[in-house]
Amino acid sequence: MAAFPMISNFQYDFLLQLVAVDTENTMDEVAAAAAYHSVGRRVAPQPGKVVRVRRQGDTEFFPRHAKLGETGIKPMETVEFIFTEA
Amino acid sequence: MALLERNEWYDIARNTNWTPTHVTEAELFPDVMTGAKGVPVEKWEVYDEPYKTSYPEYVRIQREKDAGAYSVKAALERSRMFEDADPGWVSILKAHYGAIALGEYAAMSAEARMARFGRAPGMRNMATFGMLDENRHAQLQLYFPHEHCSKDRQFDWAHKAYHSNEWGAIAARHTFDDLFMARSATDIAVMLTFAFETGFTNMQFLGLAADAAEAGDFTFASLISSIQTDESRHAQIGGPALQVMIANGRKEEAQKLVDVGIARAWRLFSLLTGTSMDYATPLEHRKQSFKEFMLEWIVGQFERTLIDLGLDLPWYWNQMIAEFDYQHHAYQMGIWFWRPTLWWNPAAGMTPDCRDWLEEKYPGWNDSFGKVWDVIIDNLLAGRHELTLPETLPMICNMSQLPICAVPGNGWNVKDYPLDYQGRTYHFNSEIDRWVFQQDPARYRDHMSLVDRFLAGQIQPPNLMGALQYMNLAPGEIGDDAHKYAWAEAYRNNPYQKKAA
C-alpha cells in the first residue's frame, strides 16, 4: 500500500485536478475517487453508466478490477475518466 | 534670457554616451545587464525615441495629472459610490488593486534597469521617466484603495497580495519576474514595454477607464486614465529597441522575446480582464465581449505593429485567437469554484440574461460551460452548498501557474501538455506554455507550482484549511460569491431555457 497522487482529467469537467489514491486501489475505486471531485459538483451524474479509466490519449481502458500498482501508471500522470455503458 | 526650443537642444543633451577610462566598456555595461546581443554601442545610438520630453515638462505635466486624480478622489470621498456600486464592480476593483499595485513597483525596478543599462541614450532617457511613472502608479494604486480598508479587509490585499503565497499572486510574480524583474535592459524594453504594456495594459487601461465611468466610479476612472497616459508614453521604449535589433541582424532573438512576452502576458490578461469583462462587469454596462475587445484592439494592433517592424506573427497566433473562445470562461469557472482562495468576491455573472448574452457572444456556451453551471445552480437551489466548493487542488500549469483548464460539457476538450525534463515531469496548460518552457528550461525548471509545493509537504495540514493558511488568507478575507448567491434564485422552479436563435 502506498499513497499515490494522480491527475484526474474527468470527462465533461473543465479542468485537471489532483486526486489522492492508493496503489492497491482498483480502477473502479480510482474512478470513484476522481468522481468525488467532479460528479455532482460540476459534472452531472449519469445513472447507469460506468466510469472507466485510461491513459491520456489512449482509446483502450484499463480493466475495471486491475490494481493501480499493476497498471504502470506513474505518480502524477494524467489519467482520463470516461463515462461508458455498463 | 530667451530659452531654446526643446528640439534645438534635445539631441545634444540626451547624448550621454562617453568613453570610459577607469573601467572597461564591458565592465560598465555588462552584456548580461544590457542584453545588447552583440550589437555595438554606436549602432544603438541611432535609437530614436518617438516621444520626447524634458524633465521640466515631465514634472509640470505629472503634477497636473496627480492634482487631477487626487482632486477627483477628494471631491467624491463622501459619495456613496462604494456602498451603492454593484458588488461585481467592487470585486473588479479589489482584483485589480491586488494584482497590479505592487507589480508597478516591480515595473519601476525594471525601468530603472533600462535607465542604467540601456545601451541607447534615448532608451535611458525615456526609462528614467518611466521609472518615475511606475513609482507614481504604485503609490496611487496603494493610496486609493486604502480608504476602503476600514470598511472591507479585502482591500488590504492591494498591498498584501504580492507578499503572500495566494495562487494568483504566485502567478503574477512568476510572470513579472520572467518578463521584467529577471531580464536585461533590452529584454525588458521588448517584453515589458512592447509586449505587455503596448499590447495589453495600455489597451486594458483604456477599456477599464471607460468601464469605470460607465459604472459611475469616476474616482477610479480618473485614476486609471491618469495612469494610462503615462503608459502610452513609456510603452514606446520597446519599438525602437526592436528596430535596432532587427537592423543589426538580431531578428530571431527579437522575435523570440516578443513571442514569449505575448504568450505570458496573454494568460494573465485572460484571467483578469477576460473574467472582469464577461462576468464581473454588470450586464447593462458591458460594451463589448472580451473576445470582441481582443480581436478589435489587441490582435489588430499587434498584427499591424509586428508587420511594420518586419517581425512575424508569433507561431501560436491562431491558437491564441482560438483561446479567446474558451480560456477566460474556464478561468472564470476556476476562480468562482475555488472562491475561498481569492482576496476578492467573484461575481458569478450567471443570471439568465447573462447566459443569453454569453450564448450570443460565444455560440455554444450553454452546451459547454453552461452545463457545468447547471450542476452548480442545482446544488445551490437544493441547499447542497458544500458541493459548490472544492475539496482538492486544481492541477497548476508549470508556466502560467494557473489551473490547467479548457472546455467542459458537450465540447469537452481538456488536456495536459506534459514534458519530461531532467527527471521531473512538468505539466502545462497548452502547447504555447510548454513551448515557452522549452525556450529556456534552466530559467524555469526549479520553480515549484502550488501543487508541487503541496506534494512536497510544504502545505500543512494538507487540506483546504492548510492551503488557505499557506496563501495567507485570513478569516474575513477569503472570497465568497459577490452577490451572496441571489442570482441563483432566478432559476428556482424555472430551469434555464436557451433563447431561440
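Reader: Leaving aside neighbours within four places in sequence, which residues is Ser226(B) in contact with?
Author: In this predicted model, Ser226(B) belongs to helix H12 of chain B, residues 218-234. With neighbours within four places in sequence set aside, its contacts are Lys65(B), Ala69(B) and Arg136(B).

Reader: What is the length of the polar contact between the side chains of Ser226(B) and Arg136(B)?
Author: Arg136(B) is among the residues in contact with Ser226(B). The two side chains, of Ser226(B) and Arg136(B), are joined by a polar contact of 2.9 Å.

Reader: Does Ser226(B) count as buried or exposed?
Author: The relative accessibility of Ser226(B) is 6%. The cut-off for this class is under 20%, so Ser226(B) counts as buried.

Reader: What distance separates the C-alpha atoms of Ser226(B) and Gln62(B)?
Author: Along the chain, Ser226(B) and Gln62(B) are 164 residues apart.

Reader: Which residues does Leu208(B) contact, leaving aside neighbours within four places in sequence?
Author: Leu208(B) sits in helix H11 of chain B, residues 185-214. Its relative accessible area is 8%, so Leu208(B) is buried. Leaving aside neighbours within four places in sequence, Leu208(B) contacts Trp89(B), Ile92(B), His96(B), Phe220(B) and Ile224(B).

Reader: How is Leu132(B) classed by its relative accessibility?
Author: Leu132(B) is part of helix H8 of chain B, residues 121-146. Together with Tyr55(B) and Val59(B), Leu132(B) makes a nonpolar surface patch of about 270 Å². Its relative accessibility is 35%, so Leu132(B) is classed as partly exposed.

Reader: How much area do chain A and chain B bury between them?
Author: The contact draws 23 residues from chain A and 33 residues from chain B. Interface size is often stated as the accessible area lost when the parts come together. Carbon and sulfur atoms carry 64% of the area that chain A and chain B bury, and the total is about 2400 Å².

Reader: Within chain A, which residues lose the most area to chain B?
Author: Of the area buried on the chain A side, 32% comes from three residues taken together. These residues are Phe14(A), Leu18(A) and Arg41(A).

Reader: Which side chains meet in a salt bridge of 2.7 Å, N to O?
Author: Between chain A and chain B the count is one salt bridge, while residue pairs in polar contact number 16, both members at pLDDT 80 or more. The salt bridge, at 2.7 Å from N to O, is formed by the side chains of Arg41(A) and Glu391(B).

Reader: Which element gives the largest share of the side of chain A that touches chain B?
Author: Strand S1 (3-10), strand S2 (16-22) and strand S4 (78-85) of chain A are the elements giving two or more residues to that side. The largest share is four residues, and it comes from S1(A).

Reader: How far is the backbone oxygen of Leu18(A) from a polar atom of the side chain of Thr392(B)?
Author: Thr392(B) lies in the loop of chain B between helix H19 (369-381) and strand S1 (417-421), and at 15% relative accessible area it is buried. Beyond its neighbours within four places in sequence, Thr392(B) is in contact with Gln17(A), Leu18(A), His37(A) and Trp338(B). From the backbone oxygen of Leu18(A) to a polar atom of the Thr392(B) side chain, the distance is 2.5 Å.

Reader: Which elements do the buried residues of H17(B) pack against?
Author: Helix H17 of chain B spans residues 327-337, and eleven of its eleven residues are buried, so it is largely enclosed by the rest of the structure. Among them are His328(B), Tyr331(B) and Trp336(B). The buried residues of H17(B) pack against these elements of chain B: H10, H14, H15, H16, H18 and H19.

Reader: Which residue caps the N-terminal end of H20(B)?
Author: Buried residues of helix H20 (431-439) of chain B include Ile432(B), Trp435(B) and Phe437(B), and their cover includes H14, H16 and H21 of chain B. At the N-terminal end, a side-chain oxygen lies 3.1 Å from the backbone nitrogen of Ile432(B), and the capping residue is Ser430(B).

Reader: Which residues does Asp452(B) touch, not counting those up to four places away in sequence?
Author: Asp452(B) is placed in helix H22 of chain B, residues 450-455. At 16% relative accessibility, Asp452(B) counts as buried. Not counting residues up to four places away in sequence, Asp452(B) touches Asn398(B), Arg424(B) and His447(B).

How values were computed
Residues numbered from 1 in each chain as written. Chains lettered and ligands numbered in written order. Predicted model: local features only at pLDDT ≥ 70, side-chain atom pairs only at ≥ 80, totals over all residues. Heavy atoms only, no water. Patch = residues over 30% accessible without salt bridge, like charges linked within 9 Å, V, L, I, M, F, W, Y side chains within 5 Å. Areas by Shrake-Rupley, 256 points an atom, 1.4 Å probe, with all protein chains shown as cover. Salt bridge = Lys/Arg side-chain N within 4 Å of Asp/Glu carboxyl O. Buried < 20%, exposed > 50% of the residue type's maximum accessible area, 1.4 Å probe, protein only. Polar contact = N/O pair within 3.5 Å; in protein donor to acceptor, adjacent residues only side chain to side chain. Contact = heavy atoms within 4.5 Å. Buried area = accessible area lost by both parts, 1.4 Å probe.
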